[in-house]
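Here is a protein to look at before any questions are asked. Please keep the view open while reading.

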Amino acid sequence: MHTFEFIRPKNPAQAIAVAAGAKTAQQGADIRFLAGGTTLIDLMKLNVETPAQLIDINRLGLDKIEATPDGGLKIGATVRNSDLAYHEKVRRDYSVLSQALLAGASAQLRNMATTAGNLLQRTRCVYFRDTAMACNKREPGTGCSAIGGSNRTLAILGASEHCIATNPSDMCVALATLEATIHVQGKNGSRAVPIGDFHLLPGNTPQRETVLEPGDLVTHVTLPPPVAGSRQVYLKLRDRASYEFALASAAVVLSRAPGKVTRARIALGGVGTKPWRSPEAESVLVGQPANDATFRKAAEAALRDAKPQSENAFKVELARRCLTHALEMATTG
Ligand code: SF4
């Protein structure tokens with residue numbers, strides 16, 4: 001591991017002022033914020049991340065979960081994943097988020113990992129984590145070892161010829177269905193970014209994963225008021241029952257009137273280069289009877305644009321079945 005300077009700012013403004021001096025917001029950035037460290041420290045040990053300065057944001061008061069005046073929820077950047085998953089209001093009103101968080105990692109990791117860290121979680125592509133291998137995300141312009149290589153777990157939606165890495169987050173898939181907003185403070189003030197705009201497709205700049213600029217600090221996430229009467233499910237399929245990333249997952253927030261679906265928010269995990277909201281599946285569902293035929297059509301629509309790699313064609317049908325089953329779970333019992 002490279003040596004680094006450890007900085008403990010007194011307030012968010014000081015943290016942002018230090019971080020705004022970063023040369024780049026990309027991988028290998030010279031300045032990083034440190035929250036739970038469950039991704040960053042691992043990557044520093046592998047020399048994938050080599051910041052010269054780490055800014056500790058754990059003591060800036062960003063660890064609160066509060067109701068908002070409109071009936072929604074404000075979640076601080078350094079709220080631990082366990083605290084969020086077990087929060088009474090999250091369990092009751094945003095259960096898809098609680099389910100997704102509890103499906104992620106291990107209890108020990110959830111006790112450390114934070115909301116903002118989870119938003120910025122980096123890919124598990126094995127070549128990204130191995131500095132001996134070519135990787136456009138880690139070192140732009142070197143190539144992508146995963147294309148034609150070991151790509152069983154990688155993306156079938158949103159990939160480019162430069163990168164096919166999967167976004168590994170469960171939490172972000174749930175946040176996509178809840179239409180969360182990410183609040184960012186930077187050197188030019190604060191701004192709010194809808195979750196769907198926060199993560200970027202790889203395109204020809206896979207090293208750039210979010211809209212964050214140097215010095216930008218995620219301060220909190222807000223959720224709109226819960227949708228009364230909605231049923232919420234997060235279903236995650238993986239190689240083993242725990243402490244494993246999704247091969248395919250589905251988040252579903254569904255409302256029904258007698259005989260038909262009235263509102264649907266659908267997102268997929270484990271298959272996209274970013275948390276994958278599916279307006280295609282949502283429009284198939286709304287106005288239709290909540291039955292197996294509708295669910296299967298929605299799943300077909302969600303995966304219509306899938307482009308498998310050499311080892312992961314199985315993910316197309318796996319993701320379809322995952323979504324179909326999640327919809328069944330949301331409409332039975
Ligand atoms: Fe790197 Fe992306 Fe290719 Fe993996 S898929 S080797 S992260 S460029």
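The questions and answers below go from the overall form to the spaces inside.

Reader: What should I know about the model before I start?
Author: This is a predicted model, in which local features need pLDDT of at least 70, side-chain atom pairs count only at pLDDT 80 or more, and totals for chains, interfaces and linings use all residues. Residues are numbered from 1 along each chain as its sequence is written, and side-chain values use heavy atoms, with hydrogens and water left out.

Reader: Why does the radius of gyration agree with a compact globule?
Author: The radius is taken over C-alpha atoms, and the globule rule is 2.2 Å times the number of residues to the power 0.38. For 333 residues a compact globule would be near 20 Å, which agrees with the protein's 19 Å.

Reader: How far apart are the centres of domain 1 and domain 2?
Author: Domain 1 covers 5-56 and domain 2 covers 231-330, with bounds from an automatic or database domain assignment. Taken over C-alpha atoms, their centres are separated by 35 Å.

Reader: What is the volume of the largest cavity?
Author: On a 1 Å grid over the protein atoms alone, a cavity is a set of points where a 1.4 Å probe fits but cannot get out; a pocket is an open set with protein on both sides within 12 Å along at least five of seven lines; lining residues have an atom within 4 Å of a point. Grid points are joined across faces, edges and corners, and a volume is the space filled by probe spheres set on the points. The structure holds 1 cavity of 30 Å³ or more. The largest cavity has about 70 Å³.

Reader: Which residues come nearest to the ligand?
Author: The ligand takes up the space of the largest cavity, where sitting means that more than half of its atoms lie within 2 Å of the grid points. Around the ligand are 13 residues, each with a heavy atom within 4 Å. Those that come nearest are Cys125, Cys135, Cys144, Cys163 and Ile164.

Reader: Which residues lie closest to the centre of the second largest pocket?
Author: The second largest pocket has a volume of about 340 Å³. Of its 21 lining residues, the closest to the centre are Arg124, Cys125, Thr153, Leu154 and Phe245.
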